[in-house]
Amino acid sequence: MPKAETPKPTRPKSGFARHLPLIVVVAVALIGAMTLKEYLSFDTLRDNREALMAFRDQNYLVLVALFAAIYIIMVVFSLPGAAVASVTGGFLFGLAAGGALNVTSATIGACGIFLAARWGLGEMLTAKLEAAEGRIQMLKNALRQNEIEVLLLLRLVPAVPFFVANLLPALVGVRFSNFLWTTAIGIIPGAIVFTWIGVGVGEVFDRGEDPDLSLLWEPHVIGPILGLCVLAAMPIIVKTLRPKKAS
């Protein structure tokens with residue numbers, strides 16, 4: 001009887017194959033930053049708004065799918081123009097549908113870059129972080145002890161760039177499930193602001209002006225967002241003060 005063939009052991013992925021998702025993200029981000037900035041702008045939206053609205057009226061679901069796909073790609077590859085995309089969502093689909101599309105697309109894109117970083121650098125970073133000391137060790141411990149609170153703060157604080165809030169949790173090693181839902185919840189306030197700007201962008205274009213994105217920093221807008229930041233930080237503050245009171 002012929003001998004049964006013994007299965008060949010599977011070889012571990014090479015360093016290049018393991019890092020390929022992150023390499024692709026970084027390469028596309030660099031190319032996009034150099035070539036797409038002038039196209040992903042309010043001028044492009046102004047010049048094509050009538051064609052976009054006509055296409056929307058005839059192919060609503062198709063435009064929804066195209067918009068979501070483009071937005072996700074922009075976030076995954078950290079391409080310029082995310083603010084323009086959020087405003088466009090409000091312009092094309094209104095506050096409710098546009099806001100839902102902006103939040104959903106941004107969340108999916110954020111998860112994409114999170115997983116690319118996790119798969120590309122996971123094993124190497126885990127070993128390095130376990131052996132790290134100083135500030136990296138403090139950050140790792142803070143995220144492990146207050147994971148949800150820190151993730152929400154990263155989303156709510158407007159000064160934290162979106163791609164930083166996507167990559168940092170992956171590099172430190174937070175749970176993907178916590179990253180997913182805190183991203184979806186934490187980006188809602190900012191998404192509402194940009195979508196709201198988009199709802200009235202047609203009138204702004206008619207006046208020959210560009211949308212005023214500085215609205216995010218107006219007291220009546222930034223105040224509630226900062227209030228949410230304080231609420232998210234309260235558990236961390238309480239945990240920090242408890243040992244001092246006990247002593």
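Start by selecting Met234, which sits in helix α11 (residues 219-246). Helices here are DSSP runs of H or I with at least four residues, strands are runs of E with at least two, and both are numbered from the N terminus. Met234 counts as partly exposed because its relative accessible area is 38%; buried means under 20%, exposed over 50%, and partly exposed in between, with a 1.4 Å probe and protein chains only.

A quick word on what you're looking at. This is a predicted model, where local features need pLDDT of at least 70 and side-chain atom pairs count only at pLDDT 80 or more, while totals for chains, interfaces and linings use all residues. Residues are numbered from 1 along each chain as its sequence is written, and side-chain values use heavy atoms, with hydrogens and water left out.

Zoom out and colour by secondary structure. You'll get 11 helices and zero strands. Of the protein's 247 residues, 38% count as buried. Take the contacts (heavy atoms within 4.5 Å) between residues at least 6 apart in sequence: 77% of them join residues at least 24 apart.

Next, show side chains for Phe42, Tyr71, Val87 and Phe93. In the largest nonpolar core, which has 27 residues, these four touch the most other members. Such a core is a set of buried Ala, Val, Leu, Ile, Met, Phe, Trp, Tyr and Cys residues joined through side-chain atoms within 4.5 Å. Two or more of its residues come from each of α2 (42-58), α3 (60-76), α4 (82-131), α9 (188-199) and α10 (201-206), and α4 gives the largest share, nine residues. Apart from this core lies another one, of 13 residues, including Ala110, Phe114, Ala117 and Ala170.

Go back to Tyr71. Leaving aside residues up to four places away in sequence, Tyr71 touches Ala82, Ala85, Ser86, Asn102, Ser105 and Ala106.

The largest share of the lining, six residues, comes from α4.

Now pick Arg49, in helix α2. Is Arg49 buried or exposed? Arg49 counts as buried, because its relative accessibility is 18%. Beyond residues up to four places away in sequence, Arg49 touches Phe91, Gly202, Phe205 and Asp206.

Select α8 (residues 176-186) and highlight Asn178, Phe179, Thr182, Thr183 and Gly186, which are buried. They cover an arc of only 125° around the axis, so they lie on the same side of α8; the arc is that of the directions from the helix axis to the C-beta atoms.

Last stop: Ser78, in the loop between α3 and α4. Ser78 isn't a glycine, but has a positive phi of about 50°. Most residues other than glycine have a negative phi. At 30% relative accessibility, Ser78 counts as partly exposed.
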